[in-house]
Amino acid sequence: MNKLSIIIPVYNLEKYIGKCLDSIIKQLPLDGSVQVYTIDDGSKDHSRSVIQSYVEKNHCIHYIYKENGGVSSARNLGLELIDSEYVTFIDGDDWVSDDYFTVILNELKKNPELLCFNYFIASDTKSVQNVWVSNEEVNLNPGDGMNGFLQFKYQKTIRPFIWNKIYRLDTIRMNHCKFDENKKFAEDMLFNADYLECIKTYQAIDKSLYYYYQREGSTIHSYKSYFVDDTLEFIKIYNGISSKHHLDLDENSLYTFYLSRYFGIINNEGKSKQFKKGWKQIQKYLNYTNFKNDKLKRLQFSKLDLKCKAYSVCIQFHFTFLIYTIVYLRYLIG
């Protein structure tokens with residue numbers, strides 16, 4: 001059994017996957033303790049030939065092809081194929097620091113249940129370091145993982161991403177942790193919330209080891225037609241994970257989480273080229289049961305942060321249509 005497996009989902013990344021693999025291959029341990037699995041999710045470009053050139057150079061780089069099913073299905077396939085003590089994930093258009101393996105393998109000698117680290121946000125012009133994690137070992141109680149993300153505690157500390165974390169493979173398999181293949185929104189957070197309920201501690205280090213590349217035209221900046229439906233589906237899945245661990249989620253936290261998506265929903269629909277369709281989607285979001293007036297009245301307004309207080313006021317006093325119109329016109333005019 002190897003010490004660490006790296007799963008890299010790839011879809012049409014011929015321009016980027018080389019840089020990712022270069023950052024890995026130049027520092028791979030010679031003893032084969034780290035294995036890299038590129039999962040080609042039905043790419044239509046030349047990603048395969050690029051990856052194969054690296055496979056020929058190093059026996060620790062593996063190429064697996066599958067029919068297109070989305071990034072979650074690629075990651076799940078990787079989890080089925082690997083055989084190692086630990087596993088992590090790297091996106092094919094990102095890359096890692098020069099001391100990535102030196103730091104991680106040294107930390108894994110301490111046998112953590114979960115290892116978290118800092119990262120850089122990179123663009124074509126600059127890299128900005130994000131320091132959210134400090135050196136500490138944190139004890140977990142039942143419910144910390146599920147409620148921690150809803151209450152934005154972990155968004156601000158260990159973060160909801162999977163690529164700044166190292167997981168124990170036996171814990172994943174024993175507890176049947178998987179990525180939801182029907183989700184396009186917050187699938188990383190769902191996986192992490194589930195995993196955190198399976199462990200008792202996590203180890204954090206203040207080293208920045210990963211470069212998260214935000215490229216122009218990436219899905220994070222584009223209109224997402226599925227955003228509202230995926231957001232509303234999120235709560236059902238989250239409740240399902242909670243039931244799996246025999247937990248009751250805090251209703252106020254659930255509502256606050258949904259409320260936090262308010263402007264994101266409006267901003268996304270503002271990018272739509274169809275005003276009426278965008279407004280219909282926003283209404284679907286507002287008409288969800290969590291936004292009924294009785295829930296608004298029961299919400300502990302004083303405990304909300306300033307942003308959510310503003311969103312709550314906008315909903316109660318019906319300012320949403322005006323805000324949406326302004327956002328839509330801003331994108332229309334450019």
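This is a predicted model: local features need pLDDT of at least 70, side-chain atom pairs count only at pLDDT 80 or more; totals for chains, interfaces and linings use all residues.
**View 1. The overall fold and its dimensions.** The protein is built with 14 helices and 10 strands. Its radius of gyration is 21 Å, which is close to the 20 Å given by the globule rule for 334 residues, so the protein is as compact as a globular protein of that length. The C-alpha trace spans about 65 × 45 × 35 Å along the principal axes of the protein. When contacts between residues at least 6 apart in sequence are considered, 82% of them join residues that are at least 24 apart.

**View 2. The largest nonpolar core.** This core has 68 residues, and those with the most contacts inside it are L79, V87, Y167, L196, Y202, F234 and Y238. Helix α8, which covers residues 227-244, supplies the largest share of this core, namely eight residues. Apart from this core lies another one, of 35 residues, which includes L4, I6, V34 and V96.

**View 3. The surroundings of Y238.** Leaving aside residues up to four places away in sequence, Y238 touches G145, M146, F149, L150, L190, A193 and L249. Y238 is also one of the residues with the most contacts inside the largest nonpolar core.

**View 4. Charged side chains.** The protein carries 42 positive and 40 negative side chains, and the centres of these two sets lie 7 Å apart.

How values were computed
Residues are numbered from 1 along each chain as its sequence is written. Side-chain values use heavy atoms; hydrogens and water are left out. Helices (H or I, at least four residues) and strands (E, at least two) are DSSP runs, numbered from the N terminus. The radius of gyration is taken over C-alpha atoms; the globule rule is 2.2 Å times the number of residues to the power 0.38. Contact means heavy atoms within 4.5 Å. Lys and Arg count as positive and Asp and Glu as negative; His and the chain ends are not counted. The place of a charge is taken as NZ of Lys, CZ of Arg, CG of Asp or CD of Glu. A nonpolar core is a set of buried Ala, Val, Leu, Ile, Met, Phe, Trp, Tyr and Cys residues joined through side-chain atoms within 4.5 Å. Buried means under 20% relative accessible area, exposed over 50%, partly exposed in between (1.4 Å probe, protein chains only).
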